[in-house]
Amino acid sequence: QVQLVESGGGLGQAGGSLRLSCKASGLTFSSYGMGWFRQAPGKEREVVAAISRSGLATHSADSVKDRFTISRYNAENTVYLQMNSLKPEDTAVYYCAARFDPYSDNYYSEEYEYRYWGQGTQVTVSS
């Protein structure tokens with residue numbers, strides 16, 4: 001079955017950096033668009049960044065633009081989220097998600113567009 005396993009979360013300091021990884025298994029990774037979402041306490045889950053199956057098309061939410069970068073390495077079935085210039089408001093549980101998309105090379109930024117989800121990894125940013 002499809003599994004998405006996030007890692008790399010933890011405690012970071014404001015202005016610092018963290019890198020999240022999401023390792024996928026049970027699927028043909030290069031046929032899937034991938035996304036990173038986050039959910040802060042008391043808030044709805046929101047998109048952080050998304051990437052097409054080839055990696056050529058990417059999207060970042062306005063709140064993280066110029067600070068976070070999504071990338072993927074298809075040979076290792078892994079998608080990354082490099083988070084720089086962290087802010088306390090980045091504190092949330094971060095989820096990766098996968099959408100089967102073998103015939104296009106688009107990114108997807110809506111939660112409902114993704115079928116598979118990881119369990120999430122906590123990111124806490126202290127001021």
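**Entry 1: burial.** I started with a term: a residue is buried when its relative accessible area is under 20%. The model I have open is a predicted one. With that cut-off, I found that 42% of the 127 residues of the chain count as buried.

**Entry 2: the elements.** I then looked up the secondary structure and found 11 strands and 0 helices.

**Entry 3: overall size.** How does the radius of gyration fit a compact globule? A compact globule with 127 residues would have a value near 14 Å, and the chain has 13 Å, so the two agree. I also noted the span of the C-alpha trace along its principal axes, about 45 × 25 × 25 Å.

**Entry 4: contacts.** I took the contacts between residues at least 6 apart in sequence, and 62% of them join residues at least 24 apart.

**Entry 5: surface and charges.** I looked up the accessible surface, which comes to about 6,600 Å², with 44% belonging to carbon and sulfur atoms. For the 12 positive and 13 negative charges, I found mean positions 4 Å apart.

Entry 6: Which side chains of strand S7 are buried? In S7 (residues 68-73) I saw the side chains alternate: Phe68, Ile70 and Arg72 point to one face and are buried. I followed S7 to its partner, strand S8 (residues 78-83), and the two pair in the antiparallel sense over 6 bridges. Across that pairing, Ser71 stands opposite Tyr80 in S8. The hairpin has 4 residues between the strands, and there I noted that Asn77 takes a positive phi near 55°.

Terms used:
Residues numbered from 1 in each chain as written. Predicted model: local features only at pLDDT ≥ 70, side-chain atom pairs only at ≥ 80, totals over all residues. Heavy atoms only, no water. Rg over C-alpha atoms; globule rule 2.2 N^0.38 Å. Buried < 20%, exposed > 50% of the residue type's maximum accessible area, 1.4 Å probe, protein only. Contact = heavy atoms within 4.5 Å. Areas by Shrake-Rupley, 256 points an atom, 1.4 Å probe, with all protein chains shown as cover. Lys, Arg positive; Asp, Glu negative; His and termini not counted. Charge placed at Lys NZ, Arg CZ, Asp CG, Glu CD. Pairing = 2+ DSSP bridges.
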